[in-house]
Amino acid sequence: MDSRSEFQDLVHKHLNSLYNYALVLARQDAEDLLQESLVRAWEAFHAFDRSQSFKPWAFTIMRNAQIDRQRRRRAHPADAPLGDEKEAEPVVESPLCSIPLAPEDILLRREAVEQVREAIRHLPPLLREIVELRDIEGLSYHEIATILSRPVGTVMSRLYRGRNLLRTYLVEPPQRPDGKEIGVRNDGL
Amino acid sequence: MMDCSTAKSKIFPFVDGELTPELRDQLEAHLARCGACRRLVDLEVAFRETYVERLRPDPAPEPVREGVATLLRGLGEGRRAGRGWRRVERLAVCAGAVLLLVVGLGAGIALQSYTGTRTSLAELADAAVEQHQKLVRDLLPPDIKDVSPKVAEEWFKKRLAFNVSLPELKTERLHFLGGRISHLREIEVAALEYRVDGNNVSLFIIPEEAYRQLRLNDKPRFKVVSHRGYDVVIWRSQGAGYTLVSEIGDRACLMCHAPEEKLEPLPRPSAHL
């Protein structure tokens with residue numbers, strides 16, 4: 001198989017993941033970001049280490065592409081999940097006494113998977129990105145740290161906060177400005 | 001010896017299989033003697049099995065799939081050679097034959113110096129050329145096509161927060177191919193594709209206030225620049241900014257003007273940016 005066919009197969013195989021990550025990074029601009037990232041990935045594909053996974057490699061390219069786009073835009077608060085956030089928060093060591101890590105209530109209420117998915121979409125961007133990369137894309141802490149260019153400890157800390165906030169959302173759904181709940185049922189169904 | 005507080009903070013990486021062997025051993029030792037923490041782990045595992053392991057990425061919509069398929073088919077294809085020379089030839093043949101009038105400006109047309117904004121103009125021209133190439137190669141498929149300019153105009157007006165005014169087709173030599181909402185230097189624009197005598201021409205319309213974001217301080221009323229082998233025409237009219245990219249010199253004027261119109265001579269392109 002030539003490299004072009006190989007690249008095409010990999011993109012088709014991971015297209016949902018690539019599009020999903022583009023949505024996380026760029027929201028309304030996801031399609032443009034996806035296309036730009038694929039062009040970049042193709043241009044760099046000759047250097048892709050076949051012993052590594054394609055998905056985190058492509059995610060890294062996509063994230064860098066989005067950072068470049070934001071730099072060109074010169075600070076756009078609506079798309080702030082990348083790069084400029086406060087850094088190096090310590091790994092939380094003992095916060096669980098006050099945080100509902102135990103998902104017993106959620107299990108008892110048997111939320112639909114789609115409602116959990118919707119709750120993830122409403123996490124703050126920084127936390128959503130890491131929760132998506134870990135819990136939906138199944139990437140390792142190390143792979144996520146590489147994509148984000150952050151220490152593994154930062155990944156763990158944000159994942160911890162994101163997951164706990166997700167569980168909080170499932171127990172007590174976030175509210176829209178109009179007062180309606182966002183996507184998460186709490187009717188016990 | 002690990003206490004409950006530390007143990008709880010390790011539950012996520014433990015279930016993720018991300019703890020170091022040493023920490024994993026310590027946590028397992030703690031779990032062996034602490035029913036409360038062990039229960040937390042069991043619940044977390046149940047939560048993963050019930051929900052997390054069934055989560056999947058959002059499926060890419062069909063238009064996105066089609067766009068990617070088109071892009072992948074185009075990968076590896078080199079650019080057509082010799083465009084620059086053909087452009088020069090066409091410019092030489094057409095020079096003086098067809099004239100230009102800026103949409104809605106009439107006698108107000110004037111060239112303005114862009115001293116001090118060269119970089120910004122270069123960036124705008126570069127972004128427009130890049131978008132033009134993607135449009136031509138179908139890397140950016142149209143959102144709307146096979147419609148009249150007026151129908152497309154209405155489509156854009158419903159989706160963009162600024163006035164989009166598309167000229168009617170004044171000659172059979174000009175064909176409107178379609179349009180899409182795209183981005184020039186991260187500014188949302190109406191991107192339009194035309195064909196003139198078999199050549200592609202792209203027109204990008206931006207809100208005039210975007211000039212501030214682009215740092216085009218002199219806001220040129222009309223400017224022709226040559227960039228990467230293309231003619232890039234930048235002008236303003238009625239609250240919108242227009243950027244046209246073509247390879248066909250003065251014939252691009254047919255975008256807005258009938259062949260029989262008397263137009264002022266097209267200014268010579270500025271030096272290559």
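Residues are numbered from 1 along each chain as its sequence is written, while chains are lettered from A and ligands numbered from 1 in the order in which they are written. Because the model is predicted, local features need pLDDT of at least 70 and side-chain atom pairs count only at pLDDT 80 or more, whereas totals for chains, interfaces and linings use all residues.

**Stop 1: chain A as a whole**

Select chain A and switch to cartoon. Along the sequence the pattern reads α-α-α-α-α-α-α-α-α. Of the 189 residues in chain A, 43% are buried. Here, buried means 20 or more other C-beta atoms within 10 Å of the residue's own, exposed means 12 or fewer, and partly exposed is in between, with C-beta atoms placed from the backbone. Two residues are in contact if their C-beta atoms, placed from the backbone, lie within 7 Å. Among chain A contacts between residues at least 6 apart in sequence, 68% join residues at least 24 apart.

**Stop 2: the largest nonpolar core**

Next, pick A:Y19, A:A22, A:L34 and A:M62, which touch the most other members of the largest nonpolar core, a set of 53 residues. Such a core is a set of buried Ala, Val, Leu, Ile, Met, Phe, Trp, Tyr and Cys residues joined through C-beta atoms within 7 Å. Helix 2 of chain A (residues 15–26) gives this core its largest share, nine residues. Now centre on A:M62: leaving aside neighbours within four places in sequence, its contacts are A:L18, A:Y21, A:A22, A:L25, A:L33 and A:S37. A separate core of 44 residues includes B:L124, B:I205, B:L214 and B:Y242.

**Stop 3: helix 9 of chain A**

Select A:152–171, which is helix 9. Its 20 residues reach 29 Å from first C-alpha to last, close to the 28 Å expected at 1.5 Å a residue; the expected span is 1.5 Å times one less than the number of residues. Since 14 of the 20 residues are buried, helix 9 is largely enclosed by the rest of the structure. A:G153 lies in this helix and counts as partly exposed, because it has 14 C-beta neighbours inside 10 Å. Draw a C-alpha distance from A:G153 to A:H142: the two are 11 residues apart in sequence and 9.8 Å apart in space.

**Stop 4**

Axes are lines fitted to C-alpha atoms, for helices over the stretch in contact, and angles run from 0 to 180 degrees between N-to-C directions. On the helix 8 side, look for A:Y141, A:H142, A:I144, A:A145 and A:L148; they meet A:V152, A:V155 and A:M156 in helix 9.

Then show helix 7 of chain A (residues 125–136), which crosses helix 9 at roughly 95°, with axes within 8 Å. Among its residues meeting helix 9 are A:L126, A:I130 and A:R134.

**Last stop: where the chains meet**

Finally, bring in chain B: 36 of its residues are in contact with 42 residues of chain A. Helix 1 (4–9), helix 2 (11–16), helix 4 (35–50) and helix 5 (62–74) of chain B each supply at least two residues of the side touching chain A.

How values were computed: Helices (H or I, at least four residues) and strands (E, at least two) are DSSP runs, numbered from the N terminus.
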